[in-house]
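Hi,

Here is the structure we talked about. Please open it and keep it beside you while you read the notes below.

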Amino acid sequence: MATQKLYAGVKLRETRNRLGLTQKAFATKLGVSLPYLNQMENNHRPVSATVVLALAGEFGLDVTELSAGDAERLVSDMREALADPVFADTPPPLADLRLAASNAPMLARAFLELHRAYRQNHERLASLDEALGRDGGAISASPWEEVRDFFHYCDNYIDAVDRAAERFAAPDGKPLDLERQARALLSARGIELRFSDNPDIRALDDRSLTISTRSAVPTQRFQLLHQIALLTQGELLEATLDLARFQTDTARSIAKIGLANYFAGAALLPYRAFLEAAEETRHDLERLSDRFGASIEQVAHRLSTMQRPGMKGIPFFFVRVDQAGTITKRHSATRLQFARFGGACPLWNVHQAFETPGRFLRQLAETSDGVRYLCLARDVSKPGGSFHAPVRRYAIGLGCEISHAKGLVYADDLDLTNARAFEPIGISCRICDRRDCHQRSVPPLERQLRVDPDRRGILPYEIG
């Protein structure tokens, strides 16, 4: 196998500048000529073994700092950003990206930051929906929305909490008996774990934690782990909340519940074990549900959080809607971002899931920016555990960009190469610029309208 050449010009310049040496003095100490050093610093020549040894011996430099790992990560991040349709169909060649990452890493990072800001601004256009939906009140985000945005801009992955949950549930990589673990922790605090026919899903007092048997078993386990998070991870949760800097105590309290929920989901489905199982089963939600004793919704939600640096899973979006079409949960590690006010696009298959209970619906979809997705939808019912208790009905949606579809069992038998197989969907009518959508409810915000009283098409106006 050929040895990979090491280009580390930026690190050489940084080292020389930190030592306060001229190129000539630095070349002398390294035992190379001035032109040769100049070529290495500009990545025209690789760093030789002689120079590596001199750096270690003369300056005590940890040679692992010369690794090209950072440059490769920059290249990977730039390739992902340049896949955005805003850059059209002519991305720079890989060689150019590697030159930029090696020779101008700060410029590369500035480009990535600019692209991130562009995406955030594009998403925030959707927040105009919220302003338009308010009854003349303040436009500032509510505590609930503030917490929702906190998780959204963390890509729905909280590393410290995720790792703490994994250490609790699978310290050696293999999941432990969670109920036994929880009982031991509760017992050490003088708290007895009880299961009873109680209308409250979970209740804690000084001497006991009561979990309702009216809930489904996965819900019981989740609620137990939620309480364990509040009892044993308080310092970690509070430190995370301090970093978030919420504007109100209400937002902070809501976020604490969200972080405890995050811990519970990450303990029920520990990262490494779950990622391996997801890849092995090709993300078959039913098999994963059986293997980990979790609900379909819990599995789908967890898949949208698998964004640990250096060990990322497929980037998924996850959404839950009620029967009125209102989004009650939304998380996305993809470019697809959901409406922040009101419901989801009516052309999306998640709305049809209520009509086909117990079945997975598949859809090939394309958003107006040209990005294509494989979308799954399924109804989820949550019985109240008694005849008089109400049944809560939702539909969940899970999906990924089509480049990852082969890793899903749900892509089998679908023609991913047929452009006509992809249905046009949007995010919200107010920010969707499709001109001929037969389901459009309101005009787009940023387009001029033409109204001709003597002509009527699909819509009573034309979008400019």
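Predicted model: local features only at pLDDT ≥ 70, side-chain atom pairs only at ≥ 80, totals over all residues.

There are zero disulfides, where a disulfide is a pair of cysteine sulfur atoms within 2.5 Å. Take cysteine 375, which is in no disulfide. Its nearest cysteine sulfur belongs to cysteine 400 and is 8.6 Å away.

Residues are numbered from 1 along each chain as its sequence is written, and side-chain values use heavy atoms, with hydrogens and water left out.

Next, the helices. Helices (H or I, at least four residues) and strands (E, at least two) are DSSP runs, numbered from the N terminus. Helix H15 covers residues 271-280. Its buried residues are Tyr271, Ala273, Phe274, Leu275, Ala277 and Ala278. They pack against helices H10 (159-169), H14 (249-268), H16 (285-292) and H17 (296-303); contact means heavy atoms within 4.5 Å. Just after H15, arginine 282 has a positive phi of about 55 degrees.

Now look at H16. Which residues of H16 are buried? They are Leu285, Leu288, Ser289 and Phe292. These residues lie on the same side of H16, because they cover an arc of only 105 degrees around the axis. The arc is that of the directions from the helix axis to the C-beta atoms. The buried residues of H16 pack against H14, H15 and H17, and also against helix H12 (217-232) and strand E8 (392-401).

Alanine 27 sits in helix H2 (residues 23-30). Is alanine 27 buried or exposed? It counts as buried, at 2% relative accessibility. Leaving out residues up to four places away in sequence, alanine 27 touches Val32, Ser33, Leu34 and Leu37. Its C-alpha atom is 9.7 Å from that of arginine 16, which is 11 residues apart along the chain.

Best wishes

Technical notes:
Buried < 20%, exposed > 50% of the residue type's maximum accessible area, 1.4 Å probe, protein only.
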